[in-house]
Amino acid sequence: MQLGALAFERAFLRAQGANPENCSIIAASGDSMQPAIPDGALLVVDHGQTEIRNGHMMVINVGEDLLVKRIRRRLDGLLDLISDNPAYAPETVGRDMIDQLRIVGRVVYYCRAP
């Protein structure tokens, strides 16, 4: 069921570093990325950007969970998943779990839900 539609100018998405053809919109749920992303915010995700880059906000699929986190690649080969909300400690992804982690895309823009 479609609840509504949002339109973004292609030039705007390109200015955010996105390829408009690869973008979709998802709604955030939870408080782990507050204050940057409040519960219910709308996220524009570029599904073509799946390379891990330090500090970028990414949508990550781990098992049945869909997470929005900042990613930091460590020198020892492990990954840290970092929440903006200081109430949540960084989670380290070990080598045994990295294969189960799938990068869905990079968050290129976010806005509060109307």
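Here is a short walk through a predicted model, from its sheet to its hairpins and then its nonpolar cores.

Start by colouring the strands. You'll find seven of them in an open sheet, running β1-β2-β7-β3-β4-β5-β6, with antiparallel pairing.

Zoom in on β3 (residues 57-62) and β4 (residues 65-73), an antiparallel pair with six bridges. Pick N61 and you'll see its bridge partner in β4, L66. One step along, V62 sits opposite D65 of β4. Two residues separate the strands in this hairpin, and G63 has a positive phi near 60°.

Follow β4 on to β5 (residues 79-82), where the antiparallel pairing has four bridges. Click R70: its bridge partner in β5 is I82. This hairpin has five residues between its strands, and G77 in the turn shows a positive phi of about 90°.

Time to show side chains. Select A28, M33, I37, A41, L43, V45, M57, V59, V68, V104 and V107, the eleven residues of the largest nonpolar core. β2 (42-46), β3 and β7 (101-111) each contribute at least two residues to this core. Centre on V45: beyond its neighbours within four places in sequence, V45 touches N22, C23, S24, I26, V59, G105 and R106.

Last stop: a separate core of ten residues, including I52, V62, I71 and L81.

Definitions and conventions. Residues numbered from 1 in each chain as written. Predicted model: local features only at pLDDT ≥ 70, side-chain atom pairs only at ≥ 80, totals over all residues. Heavy atoms only, no water. Pairing = 2+ DSSP bridges. Core = buried A, V, L, I, M, F, W, Y, C linked by side-chain atoms within 4.5 Å. Buried < 20%, exposed > 50% of the residue type's maximum accessible area, 1.4 Å probe, protein only. Contact = heavy atoms within 4.5 Å.
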